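User: Hi! I have a structure open and would like to walk through it with you. Could you take a look?

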Amino acid sequence: MKIGFIGLGIMGRPMALNLLNGGHQLAVWARRAESMQPLLDAGARGAASPAALAGGVDLVISMVADAPDVEQVMLGERGVASAGKAGLVAVDMSTIRPAAARSIAARLLEQGIDFLDAPVSGGEVGAVAGTLSIMVGGSAAAFERARPAFASIGRNIVHVGESGAGQVAKAANQIVTGVGVLTVAEALNFAARSGVDPARVREALLGGFAYSRILENHGQRMLDRDFRPGFKSWMHQKDMNIVMQSAHELGLCLPVSAATAQMYNAMVGSGLGEEDSIAVLKLLERLSGAAS
Amino acid sequence: MRVGFIGLGVMGRPMAGHLLAAGHDLAVWARRPAAAAPLVDAGAVGCATPAAVADRCEVVFTMLTAGSDVEQVVFGRDGLDAGLVVGSIVVDMSSIAPETARSLARRLAARGVDMLDAPVSGGEQGALAASLSIMVGGPKRALDRVRPLFERLATTIVHVGESGAGQVAKVCNQMVMVGTLQAIAEALHFARCAGADAHRVRLALAGGSAASRVLEVMGGKMVERDFVAGVEARLHHKDYAVVLDEAHRRGLPMPVSAQVSQQLNALMAMGLGRCDSAALLRVLEAGSR
């Protein structure tokens, strides 16, 4: 399949490489030309703009930072829509507000372009291994057309519902993981400050109803004090902000998410933004009187 | 002085009325012409567009709901921008995000127009009684010119700092006020559920360290179960989006404000947005036996 890929950062680059390895014909565009080079070396074709990229492919995928970037590459000057290619499927795999995804979908549809919101979970590790979870919102027909591309970069691929549904699922994912990391950090800090070995507490909890993948993986990295990212705190802060904005728009009471969002604010504000989100343990220790 | 006033709602109408009563030459514009009628009847000039207001005035006040409304009135089609001249002053008394206020001030300064962000506290009561508090951000030279007008509206006028500083002070005001309101709702709800008379508990608290204006006014409304607005809760809900956005943008933990915002979300979901924020009590009641 002929695929165009926009945004070649930490996530986008390995995803694009997996599309190449999956036998797809790939064209790429990135804001910084030098980030295209590794893909060109691997056999991808470079494009001069998102519009030029869209002209020669059946499917365009974007993996960028935030909603304004998606709007720019899809609907901006020399953006995907300006190629005027009706029948194209555009897929955004960034994490943005559901309302923003729905608005982009509606405007692209006016140009005859089908849009899927398809954010991922699994981090850089999942992107490199091609084992991402992909949560998709949009029409079933567009989903079927994009499926061969998804199959090259992900494993757990779920068509959640109409436009925006993928981003809603991602926001829900970030609530569970954001709160989960904080919960595990609180429990392990509580154990340690109560004079009990947190490693044994983790082991005991793994066998019961407190078991979770976060307790297993993130919990271990907390014990190892390995705070290298992984998933950077500032990104989770951004995602919790999406959750809180959506709660405001919808009139939803999310007290636990609200408390969690404030802890991520404190992480970014106190200089832990570039560390993995498990560094929330350091913040808790600091707020609990430990020297760290 | 030739003064313009845009936005003639619950707050703007009495404020504009005070300026007219003080003998200023007042020009007005409102989205709904009916809102301007009482002032026009009292002697103000009704204009067809914001641009026409700016064209005939030295100082133009705006009193609107959201930042996007202010941007629209200033820089939209037939906006103030089309009528302002070098030396004009724009005074925005709406409560909007500090960042929006700074951006508007920058754009106006580029064409020789000073802007003050001058949000108020005191509600409809304060607007009617001309006893508002005004928190001002922007150049001192502009405040010096506008101060005689402010004195017709307010008993407290504080120049907080440069552009945006007035809005920062307003955000702080909302955090303290609505946070206190939530605490009082919880205390009075607790009192009643624990078998004490909420009315007497409020009287007891009013004499001690827990005394506050909010306990007096909103606490009073809670015990009387009078949820008719004063300030509509939906406006506080709007303000809290600014509070949480500032916390996010600056990487600041604001745990209490975050919880208050969730109670306001619940209040909106219960359809109480047009009630007074004293209705935060009803959100607590909905989650209790």
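This is a predicted model: local features need pLDDT of at least 70, side-chain atom pairs count only at pLDDT 80 or more; totals for chains, interfaces and linings use all residues.

User: Good to know. Where is B:Arg225 placed?

Analyst: B:Arg225 is in the loop between helix H10 (213–224) and H11 of chain B. Its backbone deserves a look too: phi of B:Arg225 is near 50°, a positive value in a residue other than glycine.

User: And over in chain A, what is phi of A:Arg225 near?

Analyst: Phi of A:Arg225 is near 50°, a positive value for a residue other than glycine. A:Arg225 sits in the loop between H10 and H11 of chain A, and A:Arg225 counts as exposed because it has 11 C-beta neighbours inside 10 Å.

User: Let's talk about the two chains. How many residues of chain A are in contact with chain B?

Analyst: 19 residues of chain A are in contact with 18 residues of chain B. On the chain A side, helix H11 (233–250) and helix H12 (255–269) each supply at least two residues.

User: Which element gives the largest share of that side?

Analyst: That is H12(A), with 10 residues.

User: What classes do the residues on that side of chain A fall into?

Analyst: The side of chain A that touches chain B has 12 nonpolar and 7 polar residues, and no charged ones.

User: Nice. Now domains: what does the assignment give for chain A?

Analyst: Domain 1 of chain A covers 2–162 and domain 2 covers 168–287. Taken over C-alpha atoms, their centres are separated by 29 Å. For contacts, 9 residues of domain 1 of chain A meet 12 residues of domain 2 of chain A. The domain 1 side of that contact divides into 5 nonpolar, 3 polar and 1 charged.

User: And what are the domains in chain B?

Analyst: In chain B, domain 1 is 2–163 and domain 2 is 169–286. The C-alpha centres of these two domains of chain B lie 29 Å apart. Here 10 residues of domain 1 are in contact with 10 residues of domain 2, and the domain 1 side has 6 nonpolar, 3 polar and 1 charged residues.

User: Switching to helices. At what angle do H4 and H5 of chain A pack?

Analyst: Helix H4 (residues 67–75) and helix H5 (residues 98–110) of chain A pack at about 10°, with axes 11 Å apart. H4(A) and H5(A) are therefore roughly parallel to each other, as angles under 35 degrees count that way.

User: Which residues meet there?

Analyst: From H4(A) you have A:Ala67, A:Val70, A:Glu71, A:Met74 and A:Leu75, and from H5(A) A:Ala100, A:Ile104, A:Arg107 and A:Leu108. By class, that contact has 7 nonpolar, no polar and 2 charged residues.

User: How about chain B: which residues of H4 are buried?

Analyst: In helix H4 (residues 67–75) of chain B, B:Gly67, B:Val70, B:Val73 and B:Val74 are buried. They are on the same side of H4(B), because they cover an arc of only 130° around the axis.

User: What covers those buried residues of H4(B)?

Analyst: The cover includes strand E1 (2–6), helix H3 (50–56), strand E4 (59–62), strand E5 (89–92) and helix H5 (98–109) of chain B.

User: Two last residues. Where is A:Arg155 placed?

Analyst: A:Arg155 is in strand E9 (residues 154–161) of chain A. A:Arg155 counts as partly exposed because it has 14 C-beta neighbours inside 10 Å. Its C-alpha atom and that of A:Ser133, 22 residues apart along the chain, are separated by 6.0 Å.

User: And B:Ala241, where is that?

Analyst: B:Ala241 is in helix H11 (residues 233–250) of chain B. With 17 other C-beta atoms within 10 Å, B:Ala241 is partly exposed. The C-alpha atoms of B:Ala241 and B:Arg141 are separated by 32 Å, and the two residues are 100 residues apart along the chain.

Methods
Residues are numbered from 1 along each chain as its sequence is written. Chains are lettered from A and ligands numbered from 1 in the order in which they are written. Two residues are in contact if their C-beta atoms, placed from the backbone, lie within 7 Å. Helices (H or I, at least four residues) and strands (E, at least two) are DSSP runs, numbered from the N terminus. Ala, Val, Leu, Ile, Met, Phe, Trp, Tyr, Cys and Pro count as nonpolar, Asp, Glu, Lys and Arg as charged, and the others, Gly among them, as polar. Axes are lines fitted to C-alpha atoms, for helices over the stretch in contact, and angles run from 0 to 180 degrees between N-to-C directions. Angles under 35 degrees count as roughly parallel, over 145 as roughly antiparallel, 65 to 115 as roughly perpendicular and the rest as oblique. Domain bounds come from an automatic or database domain assignment. A residue is buried if 20 or more other C-beta atoms lie within 10 Å of its own, exposed if 12 or fewer, and partly exposed in between; C-beta atoms are placed from the backbone. The arc is that of the directions from the helix axis to the C-beta atoms.
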